[in-house]
Structures are given as structure tokens and as C-alpha cells.
Amino acid sequence: MTTFREEHTGTGLSEREVGTSLSGRDVGAGLGGRDAGSVRAVVSDAVASDAALVSVADLRVSFGGTEVVRGVSLSVAAGECVAIVGESGSGKSVTARSLLGLAGPGSRVDARSFDLSGRDVRGFRPAEWRRLRGRFAGLVLQDALVSLDPLRTVAAEIGEVLAVHQVVPRVRRPERVLELLDAVGVPDPAARARQHPHQLSGGLRQRVLIASAIAAEPKLIIADEPTTALDVTVQAQILRLLAERKAAGTALLLISHDLAVVASIADRILVMKDGRVVEEGPARSVLASPAHDYTRSLLAAVPSAASRGTRLSDGTPLPRRTLRSSEPFPDRASTPSGPLLGGEPSLSAQVLAATALSMSYGPRRVVDDVSFTLHEGETLGIVGESGSGKTTVARLVLGLLEPEAGQVTLHQRQWSGLPERERRPMRQRIQLISQNPLDSFDPRHTVGRLVAEPLALPRRERRARALDLLERVGLPAAYATRHPRELSGGQRQRVAIARALAPRPGVLVCDEPVSALDVSIQAQVLDLLAEIQAEYGTAMLFISHDLGVVHHVSDRVLVMKDGRVVEEGEVEQVFQQPRHPYTRALVDAVPRLG
Amino acid sequence: MIKRLGTGLAVLWAAATSSYVALLLAPGDTIDILIGNGVDTPEIRAKIVAEWGLDRPEVVQYLSYLWRLLHGDFGRSYQLQRGVGEILATQVGPTLQLTLAAAATGVSLAVIIALATAGRGRWLRGTASAVELVSVSVPPFLIGIVLLSVFSFTFGWFPVSGASGPQALVLPALALGLPIAGVLGQVLRGGLERALEQPFAVTARARGLTERALVARHALRHALIPAVTLAGWFTGTLLGGTVITEALFGRPGLGQVAMQAVTGRDMPVVMAVVLLSAVVYVAISTLLDLAYRAIDPRIGG
């Protein structure tokens, strides 16, 4: 029966519209007092003039008695870009969707005033809301691969908006679809219109999503994390496209977790935390002189060139790295298995080397002549956009894939091209931390068991060591009995780190380890990785699409494009004075604060 | 698609061969088995030897068997004194009527139930779910008996047995279609509910679509994907179900033929029924494979 209940509250075809329509309850004077703590209303009320497209005061949204938006006031004028910035759970998306009457199934929405385009929408019936959706405001969500119906063509998706709102006569629709695709910069619209979302690149998909959002010529575009899944150069293009719409007079409500993304385009910024607006003001002043502690900590947590060598979470200096080696070989491998290359392994020496690695999937060469070395205590960053081959490199050095050409050595012993039986004793020396650890955890195991699993120790010692490891990554012993799904994203990543550390590896391969995390959690995880490296001298191969993160953590960096290394060197050198045009394009495309 | 055809042919060949092997492996003399309970005279024995080529080497026997099948010659039933092809041809009509009616009943009930209950209140969903569970877990013959006793014996609305007219089709189609409706309804509802939680559903709502249009234009198509996957099971249920349903409702048809052939040990007919089932299975799964590609463009064509 539990399942039924959950499924029921999860959807609610019939209630969805009823539930999200505003109750229109006039909130009494008593609410003012309840709200005293939050910075709100004052600015918005002043701005809320006749020109405001959106004018909301004291918006409250609750789900089953839990309030997730707690008195947000917001106004957006024509031609203005307002950004709501906050971490997951801050209520920013729910706030945005409330403006379309789509707060979600089972939600209850209240507001002191709620005017869209000059009309009071409190007490709107579902049909009235539907007339506003698409027409008054268009919605652009994250990742068009799932935000466009994958089974329908581009033309059908855009045409739907035209049909619902009768924007143009039926016979003019195909033509209008092509005009819209052209307007958002999709090349060869006629061919693209017949395609399905999965046949388009991420950037084109997002453009199509924007085309469908502006098809009914709305006065407002609500963009909820519109660039989050995109590569940095594509992100810059999409932001430019949104800026063009703004310049053309469309108001823009931009929702993002990333202050740097909104910095270039927003006129005003609202910072949300736990359902409240904690800071609000013109973009420049919020970014340059944040008034609230939370905004300051958000800004400080963004990894960059400037943050190197300091803890992101509190700004204190990180401990210096020592090149103190723990046993270079696990005990069980004391009888060497592979042929030894270059004599006995020396301390503080090369721990991983790739020589001229190549790999193809079918006719496509995904890794092409990639070479690098990694030394003890060192972090080598690999940056590149999606499809650059960086994850394949990770799989090659982990021995999960055999290279077609070239070879990998681990602790100066042959590592690639060995039968698995000979490789197994060395497996513990190289460990992976992936983007989404939940996928690699057995959901039935407890955290303690997950961490203890790789340990070849007697049961009692294993448990003690697992608790030590958990403590080392900042999780109290009580977490050992929990299951991974009960943990937050940051805690799961801590468990993944503890598990990777358990066999005392010489090399940690980190593949986008913080890409799914909020910036403040990302800061804590990056700090933890830095401390561990300082303590154990573990070498790290750090793969990320995020130049700021790579700049913060790496000593040296490889820039990859289409399977090739286009540039490599000391991280400062590569990012301050990029030599290759692609590196330059990447560096230029990174959104900057202020 | 060529690969698909190849697989289909392989399945048919395997069905033909395994029924042939069954004939060889069955205890006793092959001629006795082929005669079954039919009249046994030296003339008939001689005819069987000639028809099946039993006086020739085994490889030749097997190949000539396949060759006859390729020409649509299913041999002769020595019990019924008629060609097997002829027997099947006269009986295929009522069975086709029954299975199509049952499939239509099952699919339409499933779609109606899924559309009416997806994401609705707890009670409605719970009730629908319970009804579906009952219709899946109660065997078709029991459903048939209940339907008969209520609608034929008590109310007298429908004939008790026979295949005369559309009236006689209602109860057997229901008995056979209800279990399908039960499983398919659950799968469709689950698919609809999952689809309505996807980000594209939010996008579609944000365009001003009604929930009805959202289901019709977006969600239903997504829900069909897992439903089509069930097609193999679906075909099997229908084919197997006809045997019981036809017996229960006293309808003529292939089910009855198969039943009598098995109980009367009429081997040529049993072999032909096995082959025919394989043909139907291959044909339907090929069709559904095509449907799958039409529904989901992400599947490489």
C-alpha cells in the first residue's frame, strides 16, 4: 500500500491543476510578523510599477504542510533580466514554476499579491492558467534531451505551441517553425525540423527548446538552469542567444545554481536559501560587494585560479603536500607479476604513465595518440568538452578498456595488455571516483559494508578501518549503518572517496567527481580531496569539463579535443597564456564573476 | 530487417524440426504413431510409407518432410481421413474471430482503464489495481465459467455454446481478453505515470496544453513502448487460451482441433498446429518489431 500512496502523491493527473491553482486566500496582517527575518518585499514593492510583467509579494508554496518557498517577493519588468541563484532545495525552481501555475502536484500556493501582466492570478482556474502558459511566459528547462519529447520531431514540438495558442493559421505553421529555428540560430532549419532531439547536439537541442518557448511570442522567458548540462563554449552561445531575446525586449527570469553564469546577463540578482530571498540587488553590487554571509560563502566557494592553495569552504590555506610514500605495492603483490620496466620503482616517482594511447569505437577515433605521466603527490587535470575522449582515457588507465595502440604503466610496471589474472593484484593501486557514486554502490549494502568491501583484512579490523576511513572523510561513525540512498549527494561522494581510499591506492582517477554537486558541497569535497592528497601523497588524475575546478586542483593540465591532446603544461601557464586556439576559446567562454 | 527475417525463418525451421524429432523419438513404430487411433489396414500402412518416404534413408525423409512443408503440404490425418491443411483451413476462421475479438477487448479495456486511472485518486487506482490483479491471477477457464453461469445461465443474455453470430463471441472474447487487459492495463498506467513525471511533460504543460492533450499527444506514446514489449507474452496467452476457451464455450476452432488431436494421438495434426503457432508467433513479433520502430525513433532503423 505504501507504493500506492507514494505513486499517488507523486503524480495526480486530476489534482495537478486543481492543486497548483492558487487558493487566493488573502493572507492577513499576521503574516508580516512571521516574515520579519527575511530580506524581502522592500525593494520589490518599490519596483513594482505598472511596467512590471511579474509582481509577486510574499509568495508561499507548500507541499503537504512543508513550506518550500517562504515569502518570496519578486518583480520582473519588460526587457529586464532577473536571476534567482541558489543551491538545490533553495526553492528557486518552485518559485519560477509558480509563475506558470506549475508549482507541482499537491502544492499549495499563497501570495499577498500575485499579478502577471497586470492581472491578479490568485483564484485563476486551470483554463485561465493554460492561456497564460506559453503565451505570457515560455519555459526553458535544463537538458533538452529530456525536456523535449524524445519521440516527436522538432517541428511537432514547436508546432504544438503554435497550435495551442493559434499563433498563426494552420497552413502557415510549418513556415513559422522554420522562421523560429532560424531566429534561434539553428542552421539548415528545414532539415533540422524533421529530426528528433536525440539526433541533435546539446547546443542545437537547447536552441530548439528556446524556439518552442518563444513560439507564441511570450513577454517573459523563464529559463530554469538553461545551460547546466552544456559544454562551456555552447553555454556561452546559449547565454548570448538569451541576451539577444532580452535586447529584443523580452523579460528574462533566469534560474541558476551558478553565480558566474548569471553575472554576464542579469540586471538584478536574488539569492535564495531555504525558501527565502537572503539577498537582492543589482547584479553588479551583489557580485562585487555581497551583503549577506551566504552570498559571500557562495562566491568564495567557486573554485578558480585565485582559490588555488586555499580551502574553498573557509578560505584558509591548505596543508602543503608531502611526498611521503606509503607502501608502493600492496602486500599481496610482493611477488611481482608483470615485467618490471625501468628498474625498481623509486619513491616519489612516476606512478602512472600513458604512452601514445589510441582507441576507436567503430570508425570513430575517440582517443588519439595521448601520452602523459603522473607522479606521486601530483594532480594532473584533464579538461575537455563532451566527446573529447577524456572519460575513455580514464577507462584506459583504469584497465577497464584495452588500448588499441600504446601502453599504460602503473608504478612503472606494465598495466595495459595484461591478462586480468595478472592485473588483479595491482587493481587496488588505482581507484576511481566517479560523478555519480550511487550508480556504483549496491543499494542494499550499508555504508560501512561498502567502504569495508575492498579491504583484505580480518572482519574485526575491517570494521575498525572502515570507521576510520569514514571519519577521515568527515562522516561520523553513525553513518556506517545507513544506506547510500539515504545520504545527500555530498555525503555519497564522501563515501565514494572513503571506499576509493580503503586499499591505499597510489593513484586516484577522479572523473567529474564534483559535477553533480552544489557549489558549497563541491567546495567541501574538493577541500577533502586536497587534504587527502597532502596526507597520503596520492597522485590524482582529475577529469573535468569545469576549467575553474581544474585550475583550482591541478598542478599540470592536459587540454583534450576530439580525442587528441591539443595543449599541455603547468596549469597557470596553460590557462593564463593559452597557446592553442581551442584552449583560448575554452578559457574565453568561461563565465566570469563581475 | 534482413536479420529479423532470418531469425524468423530459423524459428520456423526449429519448430518444424523439433516436431519431426518428437515424431521420431516417440515410443513405438512411426507408422503406428502416425495412424494413431485411426483405421489400421495394410493399404493405409503402405500409403503412409509412401507419403512419408519411410522406405528411404532418414536424411531424405527429413528433407522431403521440409520440402512438403515449404509447399504448404501438412500431410494427412489418418484418423479424420482428411488432409491436415484442409482441416486447419476450415477451423481457422472461428479461432481468428475469437483471438482478434479477445485482443481488441483486452487492448481497449486496458487503454480505457489506464487513461481513466493514471495518476488519479488513491481509491480509484487501488480498485483498478485490485481488479487487474484478480483478472490476471484467475485462470481464463474460471473467468469463463463465472461469465457463463452469470450471463448465460442466470440472465440468458448470451448463448451457452456454439459460434453462431456475434452474440456467441462476447463471453469467450471476454474470458480470453480479461487477463490481457489486466496486465496491459497495469503496464500502460505505469508508463503513463512515468511519462507524466518526465521533464518534457513539464515543458508541454508550460506550453498551455491540457492534461488530456498531454496524455494523448505525448504520454500515451511513451506508455506504448513497454506495452509493445509484452507482445510476445500476449500472443502466447491468446494461442494457449483458445484451447481452453473453445472447449469451455463449445466453439469450433483450432483449439478444439489441437485438443482432439492431442487426446486422440493424431500426430500429423499436432505437428501442423505446432507449426502454425510458430508461424503466427513469428509474423506477429515481426509486425510488433516494426511498430516498435515506428513508435520510438531512437531505435536505430
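In what order do the 4 strands of the open sheet in chain A run? The order is β13-β12-β15-β16, with antiparallel pairing. Strands here are DSSP E runs of at least two residues, helices are H or I runs of at least four, and both are numbered from the N terminus. Two strands pair if DSSP finds at least two bridges between them.

This is a predicted model: local features need pLDDT of at least 70, side-chain atom pairs count only at pLDDT 80 or more, and totals for chains, interfaces and linings use all residues. Residues are numbered from 1 along each chain as its sequence is written, with chains lettered from A and ligands numbered from 1 in the order in which they are written.

Zoom in on L357(A); its bridge partner in β13(A) is V370(A).

Next, pick 390–397 of chain A. Helix α16 packs on the sheet there, touching β12, β13 and β15 (405–410).

Move to chain B. It has 13 helices and 2 strands. Colour 13–84 as domain 1 and 86–270 as domain 2, the bounds given by an automatic or database domain assignment. Their centres, taken over C-alpha atoms, are 37 Å apart. The contact (C-beta atoms, placed from the backbone, within 7 Å) takes 14 residues from domain 1 of chain B and 9 residues from domain 2 of chain B. On the domain 1 side, α2 (30–35), β1 (76–77) and β2 (82–83) of chain B each give two or more residues.

Conventions: Contact = placed C-beta atoms within 7 Å. Axes fitted to C-alpha atoms, helices over the stretch in contact; angles between N-to-C directions.
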